[in-house]
Amino acid sequence: MSAPGTDEIVVDHLTKQYKKLRAVDDLSFRVRSGRVTGFLGPNGAGKTTTLRMLLGLVAPTAGTATFGDQRYADLHDPVRRVGAVLEASSAHRGRTGRNHLRMICRAAGLPDTRSDEVLEMVGLTPAANRKFKGYSLGMKQRLGIAAAMLGDPRVLILDEPANGLDPEGIRWMRDLLKALAGQGRTVLVSSHLLGEMQLLADDVVIVAAGKLIRQGPVDQVLGDMSGGVVVRVRTPQTEALTTALSELSATVTPGPEGSLLVHGAEAAAVGHAAFTAGVELHELATERGDLEQVFLQLTAGKAGIR
Amino acid sequence: MSLVNAELFKVRTTSLWWIMGLVLLPLYAASVLVNWANSNVTTPPDDAGVTDTQSAQIEAALEPINVATNLYTSGQFFGILIVLLLSAIIVTSEFFHLTATTTFLTTPRRESVILAKFGAAVVIGLAVWLITTVLNLIVVPPIMNNLELGSQLGEPAVWRAIGLNALAFVLWGVLGVGAGVLIRSQIAATLILAITYVVGSAAVSLIFFLLSEYVAEWISNLQVLVPTSASQLMISGTDLPGSPPRWVGAVVLIGYAIVTGFLGTWLTKRRDIS
């Protein structure tokens, strides 16, 4: 294994044990730079706890989470290295958006003018002097992203950033994050919204019950799980079709509502096999595995409240 | 220093500071009037049923120099209360408004953050001290003339009391930050501190009075261990009969400030921020 680049996120056997709950359980994965990585899992899977350990806010019970080989607390200039958006509502209600950003600038030794630049970037300039309590959830998310961008960091970490954004806001954020990754930055985005990740992420890390379920490029994870193409067929002659298809070295599994799912053969081949065997078909359709289905399969039985 | 600056910026950019200021002004005015009224009492006659120590204390308190130190440090009681609450809120508001995450992401070395908060509390303490002291220097000389005692501003003891008053404000600010870390809930912290400070010091005086009256007189010397009594003692003009020397008051307050300061920093370092 090659030495980690300085902007690569390395999570290594990370564990967090609360009194009765193992929130994160021996979790290891890597996040490469120049790509958007989706950190996926049902609610309560340990995503937020993992991110908080990565950012030095929560102490791990065991294992490490580092940027390159440095822990967040050991970074020389954390605001310029890593930007994070953790909670949408983490600002003082009585403080204006601009002052919230200036407060960070002062603590981080950045010029006050940076706050106006990032406000412009996220489109909040008109609301800059409004108090935080008057912000909508979408505006709070934008302010969070503005705060994360203050130091122009090479690594961005966002916890459920799509929460509260309208469709236009979601598209805006998707474009922004893709552009940032395109500039070679590392972008890690947690979410339980799978459809959004399918459009946004290059890589995915899937967790459930604090454990790693699967990681890799989106296409590959999708492909692995669905075995490529799945063909759904419906027939009154189940046995005859199964026999005919076994000659194609395709496997047949029971599908929903009495249908059959054929793995490892194209729709045309399945149709031809049925025709030659004289099997009557009522339905023949190609299904591509989408992340949502893969996710539900992968995390089945582990998504409940713990 | 930029972190202290950031902490003061946090205080400046919410409405808390001027609300506290508005609360302080009438309380300050009341303190001056009460101190003035107390300076007008006369020595009780010998058969008034007070103990020797008490009458000696009253006599001492009526000496011009002690009247002067008392009046020139008017507003200490409520000024310190405001500083105490502001200092505690500097810490608790981070958890109340969930800004602790932002703060510790910006500055992952948590001891630096707490240290900056101590710094900010010292600045706030000195600011409130400066305001009350300037007001006292304007308001008190006419009162002293009215009492026919002269302004007493030539007396080093007066200036020493004013200086020690500044120390009291600073130490209570540090105490407030420590208390804010220990009691993280904003509502609990402000209520507990305000009640202990206001009611507590009266209750403690009563308890010590009864103990020294009915158990042993030396117990009243232990009253200096109560922070409010310690700061009262520290600013008294001369050593009052029956009380420990003034430096004991300073030592007690510094002790509390150090203990809460270290405990607070240690706790903040090991806590999970979620």
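Colleague: What is the relative accessible area of Asp272(B)?

Modeller: Asp272(B) has a relative accessible area of 22%, so the residue is partly exposed; buried means under 20%, exposed means over 50% and partly exposed is what lies in between, computed with a 1.4 Å probe on the protein chains only. Before we go on, please keep in mind that this is a predicted model, in which local features need pLDDT of at least 70 and side-chain atom pairs count only at pLDDT 80 or more, while totals for chains, interfaces and linings use all residues. Residues are numbered from 1 along each chain as its sequence is written, chains are lettered from A and ligands numbered from 1 in the order in which they are written, and side-chain values use heavy atoms, with hydrogens and water left out.

Colleague: Okay, and which side chain does Asp272(B) meet in a salt bridge?

Modeller: Its partner is Lys16(A), with 2.8 Å from N to O, where a salt bridge is a side-chain nitrogen of Lys or Arg within 4 Å of a carboxyl oxygen of Asp or Glu. This pair crosses between chains, since Lys16(A) belongs to strand E1 (residues 9–17) of chain A and Asp272(B) to the segment after helix H11 (246–270) of chain B. Helices (H or I, at least four residues) and strands (E, at least two) are DSSP runs, numbered from the N terminus.

Colleague: Is Lys16(A) buried or exposed?

Modeller: Lys16(A) counts as buried, because its relative accessibility is 7%.

Colleague: How many salt bridges are there over all chains?

Modeller: The count over all chains comes to 23 salt bridges. One of the pairs is Arg35(A) with Asp203(A), at 2.8 Å from N to O. That pair links distant parts of the chain, 168 residues apart, with Arg35(A) in the loop between strand E2 (22–31) and strand E3 (36–40) of chain A and Asp203(A) in strand E8 (residues 203–208) of chain A. Arg35(A) is partly exposed at 24% relative accessibility, whereas Asp203(A) is buried at 7%.

Colleague: And which residue does Arg232(A) bridge to?

Modeller: Arg232(A) meets Glu283(A), with 2.6 Å from N to O. Here too the pair links distant parts of the chain, 51 residues apart, from strand E10 (residues 229–234) to strand E13 (residues 283–288) of chain A. In chain B, Glu7(B), Lys10(B), Glu94(B) and Lys117(B) are linked in a network of salt bridges.

Colleague: New topic: how many aromatic pairs does a search of the whole structure find?

Modeller: The search finds 6 aromatic pairs over all chains. Among them are Phe132(A) and Tyr135(A), whose ring centres are 5.8 Å apart and whose planes stand at 50 degrees, so the pair is tilted. The rings of Phe77(B) and Phe78(B) have centres 5.1 Å apart and planes at 85 degrees, which makes that pair edge-to-face. Rings of Phe, Tyr and Trp (its six-membered ring) pair if their centres lie within 6.5 Å, and planes under 30 degrees apart count as stacked, over 60 as edge-to-face and the rest as tilted.

Colleague: Last topic, the strands: in what order do the 6 strands of the open sheet in chain A come?

Modeller: The order is E5-E6-E7-E3-E8-E9, and the pairing is mixed, where two strands pair if DSSP finds at least two bridges between them. Strand E5 (82–85) and strand E9 (211–217) of chain A stand at the edges with a single partner strand each, so one side of each is left without a neighbour in the sheet.

Colleague: How many bridges do E8(A) and E9(A) share, and in what sense do they pair?

Modeller: E8(A) and E9(A) pair in the antiparallel sense over 6 bridges, and Val204(A) stands opposite Gly216(A) in E9(A).

Colleague: And what joins E1(A) to E2(A)?

Modeller: A hairpin joins E1(A) to E2(A) through 4 residues, and these strands pair in the antiparallel sense over 6 bridges, with Val11(A) opposite Phe29(A) in E2(A).
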